[in-house]
Structure formats: structure tokens, C-alpha cells
Amino acid sequence: MGDIVRVIRRDLVERVPLVDEILVVDSNSIDATAERAREAGARVVAQNQVLSHLPPLTGKGEALWKGLAASRGDIVVFVDADLLDFGAHFVSGLVGPLLVDSDISFVKATYERPFTGEDGVVRRAGGGRVTELVARPLINMFWPELAGFAQPLGGEYAARREVLEQVPFVTEYGVEFGLLVDLLQLVGLDAMAQVDLGSRTHTHQSMSALGRMAGQIMLTAWSRLERQGRVMAAQGPGHTMLQFGIDGADLVDVAVAERPPLASLVQEEDVA
């Protein structure tokens, strides 16, 4: 995280004044993430201290939603904190279409995702396993307009604040999937763009963790299909999953919560 902040500050704050604010959301970390980010020049906010009157939730989407609430810019760029080969183009490339075309509301990154196995061998285009096994089939089956987004679950994207504040955020790993579907319905495909940022190397999660992620994405997809009136069921899908490993079986909860559009909170406070 510290290296990412330093690159942005050096190249996009000091050399070329493109970025006005670098914000890091400390999602209840127990290591030195917050301290290192501050030392590198970022503004760090504790997740549970943003909109602290609301009951705290967990997950990646919660951190993104709180980050949106705490940030100030008219254009917001999200970048995952576990990138190993970060360059300033990850930010400038995403911002570019929004600056030159007022009709664009959302920009998603695409890139090659190599996979480094336990043997240390780098396999080109071997990353993004949940994308290929879960997200891409769901998108092609139910939202084929979005099939052209090569990395639908990628964590690097930018959008206009006024648009992001009008859509809900799934609090777990379904957040990127939910945003794509909800933004398609809100602004339409013509207002959504994609930029090629080259290659993205990041840390890899275990197979059991990917299984839990897949479950969260499937529940996110189900909620969108139900909300759009495309599925009807007397009983919703279950949110517990039995996983098996070398140490036995484990029953895990893959339920996802959802934060409302930020604009709705502002309206409620104005009325109150």
C-alpha cells in the first residue's frame, strides 16, 4: 500500500497535478497498513469512523462505500491495495476517458492477469479464476450487454461521484459485479468504457477463499435478477456453504449485505 501511495503522489500529485486526494480506507487492519499509508502521504480514514452512526458492516464493498463517503472529488478512482506492479497509468488511464468525454460516467480497467503458482512458475492469463468460472458465465447468460468487459471483477475503475452516489454497494466481494449491473441499468452501456492497462500482478487467495467469493457473487447476481423481476421464488437461495479441505469440513456463511445509495442518505438527512 505504501508503494502505491508513493507512486501516485510522485507522478500524479507532484509531477503532474492530476490527483487532488489520495485516500486509504483502513478496513480494521491489525498490521502497519494505516501507518505506512500516512507516511507515504495518504489521508487515512478508519472504516468504522465514517458515517459512524450507522451499524458497522464488513467486507470489501463496505470499505469502498465508506471511501466514497469520505472522499471529496467529483471523479473517484478505486484501486486495489494488493497490486504488485503498480504504475501511475493505473490512475491516469482510468481518469482519461472521464476527462475528455462528458458522456462517459464509468471506466473499468482491463489487463492481462498472470498467475504464479506454488511452484513459482508464472502462467500468463492464468489469473482471474472466479471471473472465468462464475462471473463471466453469469454475465453472458443474463446481462450479455456487459460481456465485453474483460475483467468484470477487477478492482480498478473510476466513475463520476454523482453516478456512484446513486447506486447501492454490496458489502462483500460481490461489489464489482453489483456495480456493473446496477450502472448498466442506471446510465446505460454507452456511458460505460474500458481501458487496457497492460498487466496486473497481485497476491492470490486460496481455493477455499475463492469458493466463498464465488458464493457471494452468485448471491449478488440473484438479488439483481430478483430486483429486475427476472426471477421469482417462494424462498430465496441459501447463504451457507459446506466446504471440504484436508482438515475436514467447514460450514461458512457467504451472505452479502448492501449499503444504500449515498444520495439517499443525504436526502433522508435533509428531510430530517
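**Basis.** I am working on a predicted model, in which local features need pLDDT of at least 70 and side-chain atom pairs count only at pLDDT 80 or more, while totals for chains, interfaces and linings use all residues. Residues are numbered from 1 along each chain as its sequence is written, and side-chain values use heavy atoms, with hydrogens and water left out.

**Positive phi.** I stayed with leucine 51, which sits in the loop between β2 (43–46) and α3. Helices (H or I, at least four residues) and strands (E, at least two) are DSSP runs, numbered from the N terminus. Leucine 51 is not a glycine, yet its phi is positive, about 50°. I noted the background: most residues other than glycine have a negative phi. Asparagine 28 is another entry under this heading, with a positive phi near 60°. I found asparagine 28 in the loop between β1 (23–26) and α2 (33–40). Its relative accessibility is 44%, so asparagine 28 counts as partly exposed.

**Arginine 43.** I placed this residue in strand β2. Its relative accessible area is 28%, so arginine 43 is partly exposed. I then listed its contacts (heavy atoms within 4.5 Å). Not counting residues up to four places away in sequence, arginine 43 touches Glu21, Ile22, Leu23, Val24, Ala70, Ser71 and Arg72. I also took one distance: arginine 43 and threonine 116 are 73 residues apart in sequence, and their C-alpha atoms are 32 Å apart.

**Alanine 81.** This one lies in the loop between β3 and α4 (89–100). I read 42% relative accessibility, so alanine 81 counts as partly exposed. With residues up to four places away in sequence left out, alanine 81 touches Met1 and Ile4. From alanine 81 to arginine 259 I count 178 residues along the chain and 22 Å between C-alpha atoms.

I checked the record: an unreviewed UniProt entry lists residues 17–114 as "domain: Glycosyltransferase 2-like". The UniProt positions are in the numbering used here, feature names are shortened, and annotations may be inferred rather than shown by experiment. Over residues 17–114 I get 32% helix and 19% strand, with the end C-alpha atoms 32 Å apart.

**Cores.** A nonpolar core is a set of buried Ala, Val, Leu, Ile, Met, Phe, Trp, Tyr and Cys residues joined through side-chain atoms within 4.5 Å. The largest has 37 residues, and Leu146, Phe169 and Phe177 have the most contacts inside it. I traced at least two residues of this core to each of α3 (60–70), β3 (75–78), α5 (129–142), β7 (157–160), α6 (161–164), α7 (175–187), α8 (207–227) and α9 (262–271). The most comes from α7, with seven residues. Another core, of 29 residues, lies apart from this one and includes Ala37, Phe90, Val107 and Ala158. For leucine 146, leaving aside neighbours within four places in sequence, I list contacts with Ile139, Leu180, Val181, Leu184, Leu189 and Met192.

**Glutamine 185.** This residue is also in helix α7. Its relative accessible area is 57%, so glutamine 185 is exposed. I put its C-alpha atom 9.9 Å from that of valine 167, 18 residues away along the chain.

**Helix pairs.** Which way does α7 run relative to α8? I find the two packed at an angle of about 20°, with their axes 9 Å apart. The pair is therefore roughly parallel. Axes are lines fitted to C-alpha atoms, for helices over the stretch in contact, and angles run from 0 to 180 degrees between N-to-C directions. Angles under 35 degrees count as roughly parallel, over 145 as roughly antiparallel, 65 to 115 as roughly perpendicular and the rest as oblique. The crossing of α7 and α8 is right-handed, that is, the near helix is turned clockwise from the far one by less than a right angle. In this contact, Phe177, Gly178, Val181 and Asp182 of α7 face Ile217, Thr220, Ala221 and Arg224 of α8.

I then took α5 and α8, whose axes come within 9 Å and cross at roughly 15°. That makes α5 roughly parallel to α8, and this crossing is right-handed.

Key
Buried < 20%, exposed > 50% of the residue type's maximum accessible area, 1.4 Å probe, protein only.
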